[in-house]
Amino acid sequence: MSTSLIPPESLARVGEILSEPVTVLIDQREAQRYAYAVGDLNPIYFDEGSAQAAGYHSITVPPLFITHALVRPKPADELRLDGLYEDTAAVSLEVSRMMFGGEEWDFLGPVHVGDEITGTTRLADLDQKEGKKGPFVRLVRETTFTNQDEQIVARSRQVGIAR
Amino acid sequence: MSQYPTINNVQVGDELPVMRKSASEAELFLYSAASFNPHRIHYDRSYAEYEGHEDIVVHGPLQGSWLTQFVTDWAGPQARLVSVEWQNRASAFVGEELEFFGVVSSIDETNGSVEIEIEERKKDGSLLMPARATVRLGGS
C-alpha cells in the first residue's frame, strides 16, 4: 500500500457542500445556443407546439444544459495561463494533475424554459485506488438540481481522477 | 404508427443507428462559448500541444451531449431519458471522425424502459467513451 494521497482534512470533507447553491433562470436563447453548439436540433428545444405534443408544458432544454446554465461568470483577469479560473471549490490533495473521469446523471423531472433551477454541489466521494500506472485519487462531485417548486429535476455525479 | 421504438416492439439486441460526429475548430469554439468554458486546450493548438495533447481537444461534456442526442434521436420526443453515464477513456481531437454505437441490453416492461450499452469510438476503432443509458420509451 502506497502512502496516502488524501490528507485527513480533505477526507473529513466528504459530504460537505463545496460551493454555495446557485439559482439561475433557464433562458431560452442560452439553451438554444447550447443546442446549436452541440448540433442537437430536436424541435422540443425550439418549438412550443412540438414540445407540448411530446408532453412538456413548454419548450424544454438539452439534458446536460443545466450544468452549464449554472456556470457563474467571472472577470477575465481572473483567468490562469491554462484559461481556467482558479477552482475555489478545490479539494486539497497530494497530487495535482486532475482529469475528467466521466459523469453519471439521473433525470428525475422535466426542465422547461423559464424554470428557476438551483444547483448544490457536494463532495460525494473521495478515495484512493491502485491503477496500472500507480495510485490515483477518485473524486466525485455530486450536484443536485432543484426547480422553483422544490422538486429535484436531476442529479449529476462528476468523477475526477487525480494523479 | 410512430417510427420510434415502443416497449411493445423493442427487443434485446436491437442496435441503434450509428451516429457520426466530428467537430471543427469553429464548432469547438462555439461549444466553449455556449458553455462559458475558457479552457485553452479547446481552442489554442500550440497551448494544447504544450500540455502534451496531439491537437485541440474535444470537450468531454460536448461528447456527453452527443451521447444524450444519440439516445433521444433514436427514442423519439415522447420518450424520457432516465439516466446516462459515461467514462472518458481517451481524448478526441478537432476534426476527428467519431462514431456512436448502441445496443439494447435489457428491457424493463414494468417501467416501460430499456437500458442501452453505448460506445463512442474513433475511426481506427479505439474506444473513447464506454457509456450506458436508460430511457423510458413513448407509447405505442
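I started with chain A of this predicted model and read its elements from the N terminus on as α-β-α-α-α-β-β-β-β. That comes to four helices and five strands for chain A; helices (H or I, at least four residues) and strands (E, at least two) are DSSP runs, numbered from the N terminus. I also noted the span of the chain A C-alpha trace along its principal axes, about 60 × 35 × 30 Å.

Housekeeping: residues are numbered from 1 along each chain as its sequence is written, and chains are lettered from A and ligands numbered from 1 in the order in which they are written. Since the model is predicted, local features need pLDDT of at least 70 and side-chain atom pairs count only at pLDDT 80 or more, while totals for chains, interfaces and linings use all residues; side-chain values use heavy atoms, with hydrogens and water left out.

Next, chain B. I found three helices and five strands, in the order β-α-α-α-β-β-β-β from the N terminus. The C-alpha trace of chain B spans about 55 × 30 × 20 Å along its principal axes.

Then I looked up the interface. 32 residues of chain A are in contact with 34 residues of chain B (contact means heavy atoms within 4.5 Å). About 2800 Å² is buried between chain A and chain B, and carbon and sulfur atoms give 56% of that; buried area is the accessible area (1.4 Å probe) that two parts lose on being put together, summed over both.

How many salt bridges are there between chain A and chain B? I got zero, with a salt bridge being a side-chain nitrogen of Lys or Arg within 4 Å of a carboxyl oxygen of Asp or Glu. Over all chains the count is 14. I picked out Arg20(B) with Glu99(B), whose closest N and O atoms are 2.7 Å apart. Arg20(B) is in strand S1 (residues 19-21) of chain B and Glu99(B) in strand S3 (residues 98-108) of chain B, so this pair ties together parts 79 residues apart in sequence.

The axes of helix H2 (residues 28-38) of chain A and helix H1 (residues 25-34) of chain B come within 9 Å and cross at roughly 155°. Axes here are lines fitted to C-alpha atoms, for helices over the stretch in contact, and angles run from 0 to 180 degrees between N-to-C directions. H2(A) and H1(B) are therefore roughly antiparallel (angles over 145 degrees). Arg33(A), Tyr34(A), Ala37(A) and Val38(A) meet Glu27(B), Leu30(B), Tyr31(B) and Ala34(B) there.

I also checked H2(A) against helix H3 (residues 60-75) of chain B: the angle is about 90°, with the axes 10 Å apart. H2(A) and H3(B) are therefore roughly perpendicular (65 to 115 degrees). From H2(A), Tyr34(A), Ala37(A) and Val38(A) make the contact, and from H3(B), Pro61(B), Leu62(B), Ser65(B), Trp66(B) and Gln69(B).

Definitions and conventions:
Parallel < 35°, antiparallel > 145°, perpendicular 65-115°, else oblique.
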